[in-house]
Amino acid sequence: MKFTRAICIALVIVLVSSLDLTSAAVEEEIKVACVQTELIPCFVAAFIGSQPSAECCGKLKEQQSCLCGYIQNPTFGQFIKNSQNVFTVCGVPYPTC
């Protein structure tokens, strides 16, 4: 009887722990959703050479893990390649893919 009780308690602990880890993983995925349009505030700075806005730098830092995927997109990749000055000013390392 005591053994069965201990097994049930251990099972409940494992289930509760795994739910917490799953929740953390889902929250992390939400934080790094790759949405190319998030970088629209950077377009003017990239193509005209003006100073990037604080919003641009914030979005660039948010989307940093997505940049290699963006470079592979034939339409959007040119934007990333023309944005080296924006990366420098914002303090984001240029992606090496």
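This is a predicted model: local features need pLDDT of at least 70, side-chain atom pairs count only at pLDDT 80 or more; totals for chains, interfaces and linings use all residues.
Colleague: Is Val89 buried, exposed or partly exposed?

Modeller: Buried means under 20% relative accessible area and exposed means over 50%, with partly exposed in between. Val89 has 37%, so the residue counts as partly exposed.

Colleague: Okay, on to the cysteines. How many disulfides are there?

Modeller: The general idea comes first: a disulfide is a covalent bond between the sulfur atoms of two cysteines. Here the count is four disulfides. Number the bonded cysteines along the chain and the pattern reads 1-5, 2-3, 4-7, 6-8.

Colleague: Which cysteine does Cys42 pair with, and what parts of the chain does that pair link?

Modeller: Cys42 is joined to Cys56, with an S to S distance of 2.1 Å. This pair links distant parts of the chain: Cys42 is in the loop between helix 1 (2-31) and helix 2, while Cys56 is in helix 3 (residues 54-62), 14 residues apart. Both Cys42 and Cys56 are buried.

Colleague: Why is the disulfide of Cys42 and Cys56 right-handed?

Modeller: Look at the torsion about the S-S bond: for Cys42 and Cys56 it is about 115°, so that disulfide is right-handed. Now try Cys57 and Cys90, joined at 2.0 Å from S to S. Their torsion is about -70°, so this one is left-handed. Cys57 belongs to helix 3 and Cys90 to helix 6, 33 residues apart, so here too distant parts of the chain are linked.

Colleague: Are Cys57 and Cys90 buried or exposed?

Modeller: Cys57 has a relative accessibility of 13%, so it counts as buried. Cys90 is at 5%, and Cys90 counts as buried as well.

Colleague: What about Cys68 and Cys97?

Modeller: A disulfide joins these two, with S to S at 1.9 Å. The link of Cys68 and Cys97 is left-handed, with -90° about the S-S bond. Cys68 lies in helix 4 (residues 67-72) and Cys97 in the segment after helix 6, so the bond ties together parts 29 residues apart in sequence. Cys68 is partly exposed at 28%, whereas Cys97 is exposed at 64%.

Colleague: Salt bridges next. How many does the structure hold?

Modeller: Two. In one, Lys59 pairs with Glu38, and the closest N and O atoms are 2.6 Å apart. Lys59 is in helix 3 and Glu38 in the loop between helix 1 and helix 2, so the bridge ties together parts 21 residues apart in sequence. Glu62 also forms a salt bridge with Lys59, at 3.9 Å between the closest N and O atoms. Glu62 and Lys59 both lie in helix 3, three residues apart, about one turn of the helix. Through shared partners, Glu38, Lys59 and Glu62 form one network.

Notes: Residues are numbered from 1 along each chain as its sequence is written. Side-chain values use heavy atoms; hydrogens and water are left out. Buried means under 20% relative accessible area, exposed over 50%, partly exposed in between (1.4 Å probe, protein chains only). A disulfide is a pair of cysteine sulfur atoms within 2.5 Å. Helices (H or I, at least four residues) and strands (E, at least two) are DSSP runs, numbered from the N terminus. A salt bridge is a side-chain nitrogen of Lys or Arg within 4 Å of a carboxyl oxygen of Asp or Glu.
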